[in-house]
Amino acid sequence: MRASLTSRRARRGLAAAVAAGTLLTVVNAATPAMASTASAPAGDSQVVCSSDKPGLAPLLSHDIAAALDGRKGRSAMAVYDRTTGTTCHYRAAEHFDSASVVKVTVLGALLHQADEAHRRLTPQEDRWATAMITKSDNASTDALWHRIGLAGVERFLDLAEMHDTVPGTGGSWGLTQITADDQLSLLRLLTSENAVLTPSDRAYALDLMHRVEADQQWGVPAGAPDTATVHVKNGWLPRKTNGWRVHSVGVFTGGGHDYGIAVLSHGNRTMQDGVATIEAAARLIQRDLAS
């Protein structure tokens with residue numbers, strides 16, 4: 001393994017230890033008294049939810065577990081909702097081959113790299129980025145992946161604090177190793193003020209995710225309220241081992257909505273099996289957040 005990847009992995013332990021201590025301090029000092037945490041078993045893991053809204057954590061954990069338990073294949077999930085102060089996690093630190101959901105990371109890396117060079121995207125980069133997100137065009141992704149370079153992707157991952165994401169090597173961007181937690185970190189980055197992506201960067205990325213072609217708008221948008229603006233990116237990839245990888249990540253804004261959902265899966269017999277798993281969980285999450 002390349003030295004840079006080894007170094008990034010070595011830093012994760014320290015980052016996790018520091019984060020754990022910091023999180024404990026923040027929770028003890030700042031968590032509202034009404035915040036609650038609940039969990040429910042699904043297979044060999046637990047769906048764990050925390051919320052400032054009374055009754056929402058146990059409702060979400062129970063419903064997500066019911067949607068995912070017993071399904072073939074293996075899935076992972078992470079959710080945030082800023083309006084209710086809610087988070088949910090299920091196998092959220094496990095690694096999956098990224099398939100095309102990594103294209104949002106590629107877009108973020110491209111935008112940040114252009115910012116550092118104090119320039120706008122070129123017309124060609126804009127065409128590639130648009131095709132990559134709205135059509136999930138692989139040739140455009142190949143071009144951008146090579147233009148950004150592995151070092152550029154890694155720099156963005158470090159700045160975005162996506163410490164458990166490992167880029168695919170040799171141009172194999174679809175084999176980037178991702179986690180639901182890191183995907184949620186990326187979605188948060190797209191929907192809040194930060195030092196990594198400018199307001200115009202975020203607006204550009206969200207607009208492309210909102211304009212994904214109709215036949216690719218399945219997955220986490222299932223059950224979304226009519227008042228929400230949907231921004232989504234999906235990924236699908238069959239391989240000899242672990243069958244179909246089927247993933248969906250998205251954020252929901254406007255109309256008082258401010259939340260994100262990431263669901264990853266592999267071991268699906270067919271692509272539609274993976275879509276069904278994602279949408280079963282998404283419908284219940286959408287319903288519970290709107291309740």
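Which residues of α8 are buried?

1. Some ground rules. The model is predicted, with local features needing pLDDT of at least 70 and side-chain atom pairs counting only at pLDDT 80 or more, while totals for chains, interfaces and linings use all residues. Numbering starts from 1 along each chain as its sequence is written, and side-chain values use heavy atoms, leaving out hydrogens and water.

2. On to the opening question: G274, V275, T277, I278, E279, A280, A281, A282, I285, Q286, D288 and L289 are the buried residues of α8 (under 20% relative accessible area, with exposed over 50% and partly exposed in between; 1.4 Å probe, protein chains only). Their cover includes α2 (56-68), β3 (74-81), β8 (244-254) and β9 (257-266).

3. Helix α8 itself covers residues 271-290, 20 residues in total, and spans 28 Å from first C-alpha to last, close to the expected 28 Å (1.5 Å times one less than its number of residues). Helices here are DSSP runs of H or I with at least four residues, strands are E runs of at least two, and both are numbered from the N terminus.

4. Now the hairpin. β7 (229-238) pairs with β8 in the antiparallel sense over 10 bridges; pairing takes at least two DSSP bridges between two strands. L237 has R245 of β8 as its bridge partner. Five residues separate the two strands, and N242 in that turn has a positive phi of about 65°.

5. Last, the rings. F252 and Y259 count as stacked because their centres are 4.8 Å apart and their planes sit at 15° (pairs of Phe, Tyr or Trp six-membered rings need centres within 6.5 Å; under 30 degrees is stacked, over 60 edge-to-face, the rest tilted). F252 is buried at 0% relative accessible area, and Y259 is buried at 3%.

Methods: Contact = heavy atoms within 4.5 Å.
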